[in-house]
Amino acid sequence: MSSLVAINSERYRLDDPALIARANQQMRDEGVCVLPHFITSSAVQLMVDECDTLAPLAHRSAPKRNPYLTQASGDGTATTVLYDSLEVLAYDHFPTTSVLRQLYESDELLEFIRSCLGVAKLYRYADPFGALNVSIMRDGDVLDWHFDMTDFVVSIALQSSSSGGDFENASRIRDAGEHAIAELLEGDRTRVRVEPMTAGTLMLFNGRRSMHRVSPIVGEVPRYVALLAYDTKPGTDSTDELKLSRYGRLPARDAR
Ligand SMILES: O=C(O)CCC(=O)C(=O)O
């Protein structure tokens with residue numbers, strides 16, 4: 001299957017100016033844009049099968065960190081300790097024949113995402129593990145409140161858990177300041193919105209400015225979400241600390 005065949009072309013044309021204008025507006029007004037049924041159900045099934053096959057390679061971690069994905073230190077919300085528990089398949093786990101990988105590497109998709117975000121330049125993330133990764137969350141797993149280290153993340157929902165696993169987002173709360181972030185961490189849900197993520201949904205969001213989390217997973221069916229990372233600057237990478245905690249390894253020295 002060619003990677004672009006995965007896109008539901010009856011509903012979405014990648015060069016549709018009205019679609020791009022709507023996405024621009026949503027990103028401006030809400031910091032998030034949700035495109036349901038963006039991936040066809042047959043392509044979703046292929047991607048789920050791919051993830052089922054690769055799942056034994058995923059790295060399971062239970063990191064302890066602050067909302068900025070670093071060790072708790074300093075003062076204010078940077079001292080808040082939060083916990084995650086999940087498995088992650090890294091970019092290099094996906095063979096070049098993978099439909100998901102081909103979709104991420106397609107220049108047409110990159111250009112579409114760039115237009116939807118309304119930015120002049122957009123680059124795939126330089127992190128050789130995190131640029132494309134799939135989070136696998138099982139019964140009891142959680143991904144607590146955090147800001148990403150990249151400007152934009154595009155997620156593709158592949159499989160919902162039996163229950164729980166909601167994507168909760170406080171859009172652009174970083175701009176509202178330390179006080180607002182602290183209130184949310186203390187349980188205030190005024191700014192929190194649950195974004196609808198059914199299988200095949202493509203969601204764009206500003207993860208560096210929006211604090212988000214995945215609520216605890218309940219039940220036997222694991223939640224699969226593909227994360228496609230981009231940045232407005234070339235060469236943006238995550239830290240070694242994040243790579244070690246999320247993927248359990250660092251790139252080979254000569255690949256750095
Ligand atoms: O799984 C999701 O829906 C979001 C994942 C996420 O927030 C992250 O990997 O930073």
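User: Where does Leu 69 sit?
Analyst: Leu 69 is in the loop between strand E3 (64-65) and strand E4 (82-89). Helices (H or I, at least four residues) and strands (E, at least two) are DSSP runs numbered from the N terminus. Residue numbers start at 1 along each chain as its sequence is written. Also, this is a predicted model: local features need pLDDT of at least 70 and side-chain atom pairs count only at pLDDT 80 or more, while totals for chains, interfaces and linings use all residues.

User: Is Leu 69 buried or partly exposed?
Analyst: Partly exposed, with 19 other C-beta atoms within 10 Å. Buried takes 20 or more such neighbours within 10 Å, exposed is 12 or fewer, and partly exposed lies in between, with C-beta atoms placed from the backbone.

User: And what's the phi of Arg 172?
Analyst: Positive, about 50 degrees, and Arg 172 isn't a glycine either. Arg 172 lies in the loop between E10 and helix H5 (173-176). With 18 C-beta neighbours inside 10 Å, Arg 172 counts as partly exposed.

User: Which strands does E10 bridge to?
Analyst: E10 (residues 167-170) has three bridges to E11 (residues 193-195), running antiparallel. E10 also has four bridges to E13, again antiparallel. Two strands pair if DSSP finds at least two bridges between them.

User: Which residues face each other there?
Analyst: On the E11 side, Asn 169 has Arg 193 as its bridge partner. Towards E13, Ala 170 stands opposite Met 211.

User: Switching to the ligand. Which residues are around it?
Analyst: Ser 135, Leu 143, Asp 148, Ser 155, Phe 167, His 212, Val 214, Val 225 and Leu 227.

User: What does Pro 222 touch?
Analyst: Leaving aside neighbours within four places in sequence, Pro 222 is in contact with Ile 136, Met 137, Arg 138, Gln 159 and Ser 161. Contact is a distance within 7 Å between C-beta atoms placed from the backbone. The C-alpha atoms of Pro 222 and Ser 135 are 9.8 Å apart, though 87 residues separate them along the chain.

User: Now helix H4. Which of its residues are buried?
Analyst: In H4 (residues 107-117) these are Leu 109, Phe 112, Ile 113, Cys 116 and Leu 117. They sit on the same side of H4, because they cover an arc of only 130 degrees around the axis. The arc is taken from the directions from helix axis to C-beta atoms.

User: What covers the buried residues of H4?
Analyst: The cover includes helix H1 (17-30), strand E1 (32-35), helix H3 (99-105), strand E8 (152-159), strand E12 (202-205) and E15. Just after H4, Gly 118 takes a positive phi of about 70 degrees.

User: Zooming out, how many helices and strands are there?
Analyst: Seven helices and 15 strands. The C-alpha atoms fill a box of roughly 50 × 40 × 40 Å along the principal axes. Of the 256 residues, 41% count as buried. Among contacts between residues at least 6 apart in sequence, 86% join residues at least 24 apart.

Definitions and conventions. A residue is near a molecule or strand if its C-beta atom, placed from the backbone, lies within 6 Å of it. Two residues are in contact if their C-beta atoms, placed from the backbone, lie within 7 Å.
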